[in-house]
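Hello,

Here is the structure you will be working with. Please open it first, then read my notes below.

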Amino acid sequence: MRMLVRQRCHAALAGLVTLTTAAVLTVSATAAAAAADTWTEVGSDHADALAESQGLTSVEVPAGSPNRYTGVGTIPIDVYARGWNHVGDPDASYNGYYIEPYQADGGTGKMFRVQAPGGAWSEYVHTLNSGEALNNSWVAISPSGSWMVNGEYGTMTRFLVFPTPGVNSSTSPSANLPQASTITLDHAVRDVQGCDFVTSTQLLCSSDDPAGTLFGYTKPLLQIDLSAEPGSTNVTGHVTALRQLPLRSGCTGTFEAEGIDYDRRTGTLRVIVISPGFCVLTDSMTYKFTKS
């Protein structure tokens, strides 16, 4: 009888542990879901096919500065002549440094073109690490200004972290810009075209994913919640797909999601979506969103 009672107690305890564990997991899942923000479309502007087709950023310094854009038509002739023929989604630090990412059709490096608050330009080249993709689609400068996040194209489970060129005192145009650390993502992402910091530990990213197999739909807006602010130490990132970006045009075909910007002064998120076919000229748009 004592053995039977003991077995029943063990079974009851095991059941209690199972129920408790399930409850904890349910609460954790609910908390994670609640942490995902909702971004509602509130307007749009026409995106010029030559000058506004790759990326955009809001600029805080000097005060009153207009938003800046990149596209094939914004690449300086001398930069293009040296082989840097693709510009990605730029970003600007809160103290006025503006950075554009460049890539070439081949080679062993990628370039970051930096404009200081005083207006002077400089170039920083990063020599690719073993296994690093050549693509240089976007940069996102951390709110502290000292660190810059960068992503590779294709299906990836990481972002790269660099000391911010021109801002971080460890950088120099005459030296290789080294990778400082890695952000390991808990879910694969595909064809990320731009990211921007909302807080020191949260990024919003635009994905040009054409397949839709990772999150159930194409062209998702992604939220990346970091375990800590990026720096010289590796951190992790939790990926959440928030919504599909708007895909509206007078033409049918393949849209292309491009750069992204979050303006902390107004709480406005903007994302460029390029229209298919001839409509790339007529109804490509920069869509605006606010958190609700």
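Arg190 and Asp209 form a salt bridge (side-chain nitrogen of Lys or Arg within 4 Å of a carboxyl oxygen of Asp or Glu), with the closest N and O atoms 2.9 Å apart. This is a predicted model: local features need pLDDT of at least 70, side-chain atom pairs count only at pLDDT 80 or more, and totals for chains, interfaces and linings use all residues. Residues are numbered from 1 along each chain as its sequence is written, and side-chain values use heavy atoms, with hydrogens and water left out.

Arg190 sits in strand 12, and Asp209 in the loop between strand 14 (202-207) and strand 15, so the pair ties together parts 19 residues apart in sequence. Arg190 is buried at 16% relative accessibility. Asp209 is buried too, at 0%. (Buried means under 20% relative accessible area, exposed over 50%, partly exposed in between; 1.4 Å probe, protein chains only.)

The whole structure has 13 salt bridges. Another of them joins Asp45 and Lys288 at 3.1 Å, N to O. Asp45 lies in strand 1 (residues 39-46) and Lys288 in strand 19 (residues 285-291), so this pair links parts 243 residues apart in sequence. Asp45 is partly exposed at 37%, and Lys288 is partly exposed at 28%.

Now the strand pairing. Strand 12 (residues 181-190) runs parallel to strand 16 (residues 235-244) over three bridges. Thr184 stands opposite Thr236 there.

Last, confidence. Mean pLDDT (the predictor's confidence in each residue, from 0 to 100) is 90 for the protein chain. Over residues 1-34 pLDDT stays under 50.

Best wishes

Note on methods:
Contact = heavy atoms within 4.5 Å. Pairing = 2+ DSSP bridges. Helix = DSSP H or I, 4+ residues; strand = E, 2+ residues; numbered from the N terminus.
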